[in-house]
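Subject: Structure handover

Hi,

Here is the structure for you to look at. My notes on it follow below.

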Amino acid sequence: MDLYLDKMMQIEQITNTNHLLNQIHIKNNSISARIYPNLGGSIQELAVNNVNIIDGINNDQSGLDDYANTYKSSILFPFPNRIEDGTYEFMGVKLQLPLNEPAVNNAIHGLVYNKEFAVTFTESDEKLARVVLAYKSNGSTPGFPFPFELKLTYKILATGSLKLTFDLVNLGSLPFPYGMGWHPYFVAEQLKANKLSFPSKDFYECDNRSLPVKTLPSTLPSSFKMEDKTFDDAYSLLKSEAEFESDSYRLNLDFDYTDGSYLQIYTPPHGKSMAIEPMTCIANSFNNKIGFKELAPGESDSWTIHLRVAIK
């Protein structure tokens, strides 16, 4: 019986004196994952056989400060990355988003990264744990006056793999513009020796505000060692996948999207992790229209990111 319980995927909801730090802890004898519903439904831990895969936040005020500065594992909607001056025009109306990157006058990383998601469903057995979170907007969000519901489904497999599904519904009477993305950082203690692979098509050259200004053919090899390379760059992909190999694990990201897939790569100055960010559009898509989509009233859209982990 004890061996059976060790293999079962268990789900525990943990409350904190600061409700922003409430957690959903998923675990068995080899897996530990922590999801924070009130921090935009973000996952802040994924460890397999005691090897940390996701570089998340501490469970205290320093962690909240870290999240506010880095957006670790944040869910990006209705736009990933940035919108220039926080402004865009839709259906003949000019709209103004909050400028949460004031140093360069941008809106950054969407509008749900700091929202409180409701836990609507949990289940687990010896093979997987599933957690469903939901956030519903009545259309009162500044700069995005469109009612919607966004559901996030996390499936943590006993093998250590993760599936994250976005399910989006337009609850209003008008269409709205949107893009989706995920902003995970992956642990990389020896980043220079680590290997990154993804089949890029276009490279988006950015200005000093990290806004795309030119589209160029990518000259990046499909696979390379990080060495002294630094990134804060976006690419369109020939195939919706990326692979990262560290000294202790290998991960594969598969994030197929019917209308094209994009990847943002960012290397923090500390050199101990890197962000590999799947996206359905690039920065400033509400204005440059690269990857831009509209969702009609009553319509829905879905996107799944599959992260496979192999421990060395």
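Lys27 stands opposite Ser32 in E3. The model is predicted, so treat everything here as computed from it. That pair sits where strand E2 (residues 23-27) meets strand E3 (residues 31-36). The two strands run antiparallel, with four bridges between them. Both belong to an open sheet of five strands, ordered E1-E2-E3-E4-E5. The pairing in that sheet is antiparallel. Its edges are strand E1 (10-14) and strand E5 (51-52), each of which pairs on one side only.

Next, helix H2, which covers residues 61-70. Which of its residues are buried? Gly63, Leu64 and Tyr67 are. They share one side of H2, because the arc they cover around the axis is only 100 degrees. What do the buried residues of H2 pack against? Strand E4 (42-48) is one partner, and strand E6 (74-76) is the other. Just after the helix comes Tyr71, with a positive phi of about 60 degrees.

Strand E12 (residues 128-137) runs antiparallel to E13, and 10 bridges join the two. In that pairing, Leu128 stands opposite Leu157. E13 also pairs with strand E14 (residues 162-170), again in the antiparallel sense, over nine bridges. There, Tyr154 has Leu164 of E14 as its bridge partner. The hairpin of E13 and E14 has four residues between the strands. Gly160 in this hairpin takes a positive phi near 105 degrees.

At the E21 end of the order, strand E18 (residues 195-197) and E21 are joined by three bridges. They run antiparallel. Lys195 stands opposite Lys225 in E21.

Ser200 lies in strand E19 (residues 200-206). Is Ser200 buried or exposed? Its relative accessibility is 12%, so Ser200 counts as buried. Its side chain makes a polar contact of 2.7 Å with the side chain of Ser218. Leaving out residues up to four places away in sequence, Ser200 touches Ser218, Leu220, Tyr235, Ser236, Leu237 and Leu238.

Ser273 lies in strand E26 (residues 273-279). Its relative accessibility is 0%, so Ser273 counts as buried as well. Which side chain does the Ser273 side chain meet in a polar contact? That of Asp55, at 3.1 Å. Beyond its neighbours within four places in sequence, Ser273 contacts Asp55, Tyr185, Phe186, Val187, Ala188, Leu191 and Pro268.

Best regards

Methods: Residues are numbered from 1 along each chain as its sequence is written. This is a predicted model: local features need pLDDT of at least 70, side-chain atom pairs count only at pLDDT 80 or more; totals for chains, interfaces and linings use all residues. Side-chain values use heavy atoms; hydrogens and water are left out. Buried means under 20% relative accessible area, exposed over 50%, partly exposed in between (1.4 Å probe, protein chains only). A polar contact is a pair of N or O atoms within 3.5 Å; within protein, one must be able to donate a hydrogen and the other to accept it, and residues adjacent in sequence count only if both atoms are side-chain atoms. Contact means heavy atoms within 4.5 Å. Two strands pair if DSSP finds at least two bridges between them. The arc is that of the directions from the helix axis to the C-beta atoms.
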